[in-house]
Structures are given as structure tokens and as C-alpha cells.
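My notes follow the model.

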Amino acid sequence: MRNLAGYLIRRTGWMLLTLWIVYTVSFILMRSVPGNPFSSERTVPAAIERQLRARYNLDATPTRQYIDYALGIVTRGDLGWSLRLEDYSVNQVLAEGFPVSASLAIFGLVFAVGLGIPAGVISAVYRGSLADVSMMAAAVLGIAVPNFVLASLAILLFVFGLAWFPAAGWGTFNQIVLPALCLGAPVAAYIARLTRAGMLEVLTREHVRTARAKGLSDQAVILKHVLPGAMLPVVSYLGPATAGVLTGSLVLEKIFALPGMGSHFINAALQRDYTLAMGMVLTYTVILFVMNSIVDISYAVIDPRVKLQ
Amino acid sequence: MSPEARKAFLTIAAVCVVAALGWASLFDSLPPAEFSLQSGSDVKTLDPARATGNIEGRILFEIFEGLLKKMPEGDPDPVNGLQAMTPQPGMAESYEVSNDNRRYTFKLRDGVRWTDGTPVTSYDFAWSWQRVLHPATASEYAFHLHAIPFAKAYNEGVVEVGDRVEVELWDRPGETPTGRGTHQNFPRGTILYGTLREIRKPPEPTAEQKKANPDAESEWTEQWLYVVDVAKLDQDGQVDWDGPTERQTFSANLQSPLADETTQRSHGVLVAFDKLGGLETPDPRTLIVNLTDPIPYFPNLVAFYTLFPVHRPTVEKYGSPMFTKAENIVTNGPFKLQLRRLRDRVRLVKNEDYYDADKVSLKSVDFLSMEGENTALNMYETGQLDWVTMPPETVREVLKDREDFYTAPQLSVYFYRLNVARPPLDNVLVRRAIAMAIDRVEIVEEVTKTGQIPATTIVPPGFAGYESAKGFEPNVARARELLAEAGYPGGRGIPRLTILYNTSEGHRSIAEVVQQQLQNNLNIAVELQNMEWGSFLDKVQQTDYQVARAGWIADYPDPNTFLDMWVTGGPQNNTNWSNAEFDKLIAEAARETDPQERMKILQRAEQIWVDELPAIPMYFYTSINIVKPYVRGFAPTAQDVHPLQLLSIDPSRR
């Protein structure tokens, strides 16, 4: 337990350092791109643009802005007002979008794990069978087909063909099924392949042979002695997968008109919404760090040989 | 780690997953609205003073209402099916115009109320319009009010010695005498009125200082000291300009070398707009507007959302933009805001206290935010949407013949700006040759495909009483002659041209056709360059381009909106083009009181534009809407406005 606490403290330290670097780099990059948050097809009169800059503290020197904005984040947790979604502060945008992205990610991941692990186990156990070949072929397809193609096919089949689910929108369980499936499918495919590979490796180990020699049933051998060992690569993949599912939903958000935060990521950058872009970048940094730390910890739990350091 | 700890960890993980699933399955389900439409991307703001753009407008027209509102007049045009929309009584039951078109008297309806139950008064309008004009509001459409005396100077913060001015002291709520200022310009600090006697300025920073410190200029202006003879107010709040005065000094920065201990800190010194008679409010139901220029389209501006009133107590209590939140906002339109969720929807419900509520049929309306055009069409086809405002370009041709497809010419034009400072485009013959060598019919029939009209002038057809100038005749043979006359026979020796456009499938297809036509017809080599929106705008505004794509939509239904942008140095000109005669005609048109004569002057100005061609017109846009056949009352209009209060649903066909 002591090394867990120490580990968490060290990780937090690294996270803060990373956040500071990310903050600095984003700050410089965003202000060096041409264009500014107030440009539009109609030229804004100079006097008005000056007032707008003052409102968002953009009239201060870059150093002053850098410090003021960082102070706001550190002391008040305030990421400022969005420059393009004027009626919203960045915190409000995140508060509205994050739960949606999170629910979508949860459903997507549960689906991916629920489908991927059994598929991988079956493939490994019945290696070379028709089931193995067809599932692994499906997995390769699942990884190769981009999710917007998958989404279009799913809409064609389940919305216009079978009429099981609504075309888009948010607010009911029915509306989350298709996006969650499309989001989870490539992850499921990866997990299936990792599980299969892990299983095949562990199945040849000595301790498995011993277990069988003891007369344990096939089921007991696979569930108790093979699966935990085979899970390690899957667990280490789940960290980046979670972050990927949270960020990678922006195409699906567009296709299924979901109010998640993925689309803000792109729009904020394109519209030079400095504050919102910064908020998104920092949020994702934190998510990535937290997910990777959780993975490291679960690694140590599953495999006694791994020590947290 | 002990096996027990491991087991406990696994149990905790399992519980977490179940809890997460449970949490994710909790939806605050919202029953679908009676009527849903595609709104496009999220609205930028619901503050009428700050809003720009069609998407914002569509919602603002429903939740707020101005003195006048745009409503159908007469029957749709039998030829193109266009429904004429004109400004008609809204919050005002009637209005009178003086003979010289310079004085409008609006009489408000009796008993019109805000959604919080308080009456809508003429004071609300005067205050809201002043808010639009206040420099710190930074309203992009504030120029709609510039015809009112002193409005432009107030809006731009210009004062001169001798002006009657207002001084806002540094005591807005939340401000300390020495601290930083707040950006909440309403409620305002204490206002003093008086006559500006002198502006004392410290030495201006040198060019080097300005270069070293970008803030030097603004720091310097903050140090200016204003000397004002402050006048007294009588009991009615009127300023006694000619009465006894007291000389006081003001500055935004008390550290200014010119300030002494009697100097008061102030936000700024502006022309005393609200005390100089531009707007008169003799009683709560009367608003008198005086104009410097007799602009005939003023009623149209009054019916536009920038001039809609906002609820003063709400703005002053919550500040901007917090007053626009669904839980705070107080409005006066046929619908009221119930819910606003980013990337999801804006839900409006019928305002039962609206004076014309009997005629409003829809009970609830969803404006669904969506970025994907295909998504909108999918939702429409499966019955989740009743009105698609932006059908995907790729399938428009397929949809064109359906009964639910509405298309109409729109008051907007697609054109290519030419940078007339760069050879060879500085030569008018070259500009004319290029314009004549482009086959617009091919563009509208093979590329855009939804009934766009080829343009050879800049003002679109459809303005009542205006006949467009005579456009040029596209003619390849003549174009070649012109090019030879300009010194490039057969296109020999002409430098290569670059067409700049913002990255988009549609713009690229058009640019490619133009590229090919200029190559084939005039032997001019053309390069295409696309840029992401922000960078593209930067290039255009710095006139750092040769040829650049552009579009313009009418701000108000008057040809002036397409012409006054081309005056010398105008903020939307961006072509380096300048013509003294043109500038003179535009200014003359603004002063002309006779509407017919005015249209003739504008036509003369347009003729100069066509002869000089600082830009190449391509086509006039069409608006496209797809609306379910069970929706009654939908008619195409030239400005693509469709008040929801006119729509109803025929249950027998749904």
C-alpha cells in the first residue's frame, strides 16, 4: 500500500509538469497561427475589435495573458469564457459535454470488452476452427474499417433497413446503441486479437499443463489459470483505448448529432477559440494521465510480478 | 500485494463498472417537441445586440420581438412562388413617418408584456438601442443605428472639444477606485453630463516605444485628461446644458502625469447620445426616432433582431452573457426559451402571454444543433425532423423534384474579389476580359445545380423599385479582344493568376471550372490555393491575394447593402478599389429623400461598379428548404425568413 501512495504522488507530480508544458506549448502554438478569434467574413471595425480584445484580456501583453490565464486556472479552476460560444464559459462547455462523451465511452467500452474477450477466448480454445477463422477475419475488418464507414453501414441497415433505432440525436437509450456499437467495434476487434494471442501463449506454459495433470476441468483451467495471465496485454491496451474512445468520438458525434465534447476539439482550433481549445487540450491531458495510471495500478493487481515504481 | 487486497480490488473494479453503466443509462428524457428543425451549428449568443448570422437570427426572431416584425404581405408571387415579407406592426401597433422621412413616431401596443409580466415600454427600446451602440457592447450590427444623430460618434467613441458629453465614473458594481475595471458595461457607473472643454494629452510615445511595447498606444490614451464643465440635471432628468456648470477633470488612469488630486477616475468620455434628442420617449408607449439621413429602409432595420429590446432589470442583475441563460432570460416574443443544451438543442415553448398568442399554433419547437448535413436528412427521412434548412449538396439534384422541396432566389451573391493593386488586375480591361470569359451557365448547371442565377451585376434581383444596372455580356471573342487591347494578345505574357478560396468541396469545384475556362478561353494560367477559414480571412483582409472567393448576403432588403461596401476604404471592400464618383453617389443616395430618385442614384453607382469590376460576380444564391408536407403556412421568401407563428401542423396528414 505504501508504494501505491508513493506512486500516486509521483504520478501527480509528473502530471502537473506535463500539464504545464502542454499549457505552454498550446499557448504559443495557438497564438502563432494566422487568424484571430474575432475574424469573420464581415470585417469587424477596428474600434469594436479593440473592445472585444479588452473583454477577453487579449489586449494585454502575451506574457501577461500567459500568467493571468494560468493563475485563473490554478486559483479558481476557471478556464475563462469561450470566445466563440459567447454565452458559455469553458467550464460550462466541458460540464455539458463531458457526461455525454463519458456515457458513450462507457457503453462503447463495455460492449468492446463484453464482445472482445469471449471472442478471443473462444478463438484461442478452438484454434483453427471455423469459428476462430471467421472471428479473426471479422476482427481484422473491425480494425481496418474506419468508424464513419461502419456508422454509415449501420445507419443503412438498422435505421433505414430494419428501422430498429432512430437516425440520430441524444436523450434515450435507443439513440446511444448505434454510436456505442460503432465506437466499440474497433476496440472489440483489438481486444479479441490481444486476448487470443495472450491465451495461446499462456496455454503452452508449464503451470497450465500441471493444472490439467491435476485433473481440473477445461473450464477451470481456462478461467482460473489461463485467462488472468492472458489479460495483461488487454489491460495495458485499455488505458489508451479509453482515452481514444473519449477523443475519437468526434466523427461519430457529427454523424449521430451527439452533444459530446469531441467536436469542440476541432471547432475550437479552427475558430481560434483560444480558451476553449486550451480547456479541451488540458482536459484530455488529464484524462490520458488518469487512465494510464489506473492501468498501471491494475497491472500490479493482476500480475504479482509487477511492482509500482 | 496480498491476495485479499487483490480480490478487494477486483470487486471494487467490478462495482465501478456496474455503477458507471448505471450512471450512463440515466437519461433526462425529454419528450420530442411538436415541431423540430435543423438549426446548424450552435448559436454563438442569444444576446440580440451581439448576435450575427442566420442561425442566431432564426431563434432571436421567435423569442424576441421588435417594434415591427417581418410578416407576409399579399399573396405569393405567381411566377416564382416568393412570398413578399414587409415590416409590419409588432410591439408597436402603428407608426407615423414625417414628410421628410426623418422622424418616425412609434406607438406601442397597450398591454404588451415581458415573460416576467412587466410591461414592454418605449424606455426599454431606448435603453436597448443605447446598449447596442455603447462601444463596450462591441455590437457588429451597431451601424444599423448610425442614421440617428450622434449614434455613430457614440458607437465609435469619438469626442471633440465643445461636444456635449457624458462621463461614466469608475464605480460600476464591483469596481474599486484603484482596481481593474469590469467588462460589464451595464449597469453603468454614475453618469455626469457636461460640455467637453479640453483634452490634455501627455507626450505621445515614439514609434520605437510603440514597437517595443504594443500597449504603449492604449496606455497613452488612458492617460488623457478630459476637462469637462459638468452641468446639472433637473427633476425630470433633463440636462441643463446652459445653466451653471462646475469644471471637473477626468482620466481613466489616475497615475497620469496630468492628473491632480481632484481628478476623478472615469471609464471614458462619450457623446451624450441619450440626452441629445436622437430618441425621444415622451411617455411609456411612444418612441420617437429622429434620423440624420432619410434612409427608406429604416423600418426593415427596426424589424431586424439587433434593434429588438432586451429586459433591462435582467441584464443589470445577471450581466452579460449570463442574462441569456435559459433560467434567467426574459423575452417578449411569440415563443420563450425553455432549454438550451450545447450541440443538442434549443427548446422553445409557446409564450401564452404573447399579444397574438391565439394565432400561434405550435406549442413547442426544437432547434436541433447538428453539424452533419447528411445527419439532418437522415433524421428528416425517419421523422425526427420536420424542416431541413441545409440539405446536403450532393443529393440536392435528386431531391429537387419532390413536393417538399422549396427553392427560391435569395438576396445574396457569390463573387470573386480582385486585388486591383496587383498587375495584371490593375488594368480594367483585363478584369473585364476575365469576367466576360467565364461561362456562368456552366457553373450553375453543372456545379451548383439548384437553380442559382448567373450574375453579371452585383445587386441581386428582387428589390422592390430597383432596376439593376446593365451587366456585362459574357462573350469569349470580345474578351480576347479586350485582353489583346490590354497588351496581352492571345494571353501572351500575362502573369499567372492565383485564386484563393476557403477549403470546401463546393468552392473548389467552382474554382476548377473557372481555372479551366480561363485557360481554354484566354490562355491565362490559373493556380488554385485553398486555405482554412481563419487564415483565408486574414489574407483577404490584408488584401494579400490576387483573386479571392467571397459571398455577401443582404443585411436589409435594400440595394444599398450590396453597394456601400465598395466605398473607398470601406471595411468590407478589401480590393484596394477606389472610385471618387462611386463614393459620391453612395453618399448622395443616403441623403436623398425621394425613394425613386434614390434608387436611380444607386443604379448609377452600380453601373460604375459594373464598368470597373473590382470583383467578378458569379451567381445569385438560392435558398433551399425541405419541409414536411403536413406543415402548413411555409412559403419561400427572398431573405429566407419563416416566422414560426405562421406555421401549423395538419394532424390528418402527419
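**Ground rules.** I am reading a predicted model, in which local features need pLDDT of at least 70, side-chain atom pairs count only at pLDDT 80 or more, and totals for chains, interfaces and linings use all residues. Residues are numbered from 1 along each chain as its sequence is written, while chains are lettered from A and ligands numbered from 1 in the order in which they are written.

**Chain A, overall.** I checked confidence before anything else. The mean pLDDT (the predictor's confidence in each residue, from 0 to 100) of chain A is 86, and 97% of its residues reach 70 or more. Helix α2 (residues 46-55) of chain A has the lowest confidence in the chain, with a mean of 77, and helix α4 (residues 90-125) has the highest, at 91.

I then listed the elements, which are DSSP runs numbered from the N terminus: helices are H or I of at least four residues, strands E of at least two. Chain A has 13 helices and 0 strands. Its C-alpha trace spans about 85 × 55 × 30 Å along the principal axes.

Next I looked at packing. A residue is buried if 20 or more other C-beta atoms lie within 10 Å of its own, exposed if 12 or fewer, and partly exposed in between, with C-beta atoms placed from the backbone. By that count, 38% of the 309 residues of chain A are buried. For contacts, the C-beta atoms of two residues, placed from the backbone, must lie within 7 Å. Of the contacts in chain A with a separation of 6 or more, 73% are between residues 24 or more positions apart.

**Chain B, barrel.** Two strands pair if DSSP finds at least two bridges between them. I traced a closed barrel of 5 strands in chain B, in the order β6-β7-β8-β11-β12, with mixed pairing. From one strand to the next the twist averages 55°; the axes are lines fitted to C-alpha atoms, for helices over the stretch in contact, and angles run from 0 to 180 degrees between N-to-C directions. Strands β6 (residues 164-169) and β7 (residues 191-200) of chain B run antiparallel and share 5 bridges. V167(B) has L192(B) as its bridge partner in β7(B). The loop between β6 and β7 of chain B holds P187(B), and the peptide bond from F186(B) to P187(B) is cis, with omega about 0°.

**Chain B, strand β14.** A hairpin through 2 residues joins β13(B) to β14(B), and D283(B) stands opposite T286(B).

**Backbone exceptions.** Most residues other than glycine have a negative phi, and most peptide bonds are trans. P321(B) is in the loop between α8 (312-318) and β15 (335-341) of chain B. A163(A) is not a glycine but has a positive phi of about 55°; this residue lies in the loop between α6 (147-161) and α7 (173-203) of chain A, and is exposed, with 10 other C-beta atoms within 10 Å. N523(B) has a positive phi near 60° and sits in the loop between α14 (505-522) and β22 (526-531) of chain B. N523(B) is partly exposed, with 15 C-beta neighbours inside 10 Å.

**Cores.** A nonpolar core is a set of buried Ala, Val, Leu, Ile, Met, Phe, Trp, Tyr and Cys residues joined through C-beta atoms within 7 Å. The largest has 145 residues, and C182(A), I191(A), L60(B) and V165(B) have the most contacts inside it. Helix α7(A) gives this core its largest share, 16 residues. A second, separate core of 70 residues includes V413(B), L418(B), A469(B) and A548(B).

**Interface.** I found 50 residues of chain B in contact with 46 residues of chain A. On the chain B side, α1 (3-24), α9 (373-381) and α15 (533-541) are the elements that give two or more residues.
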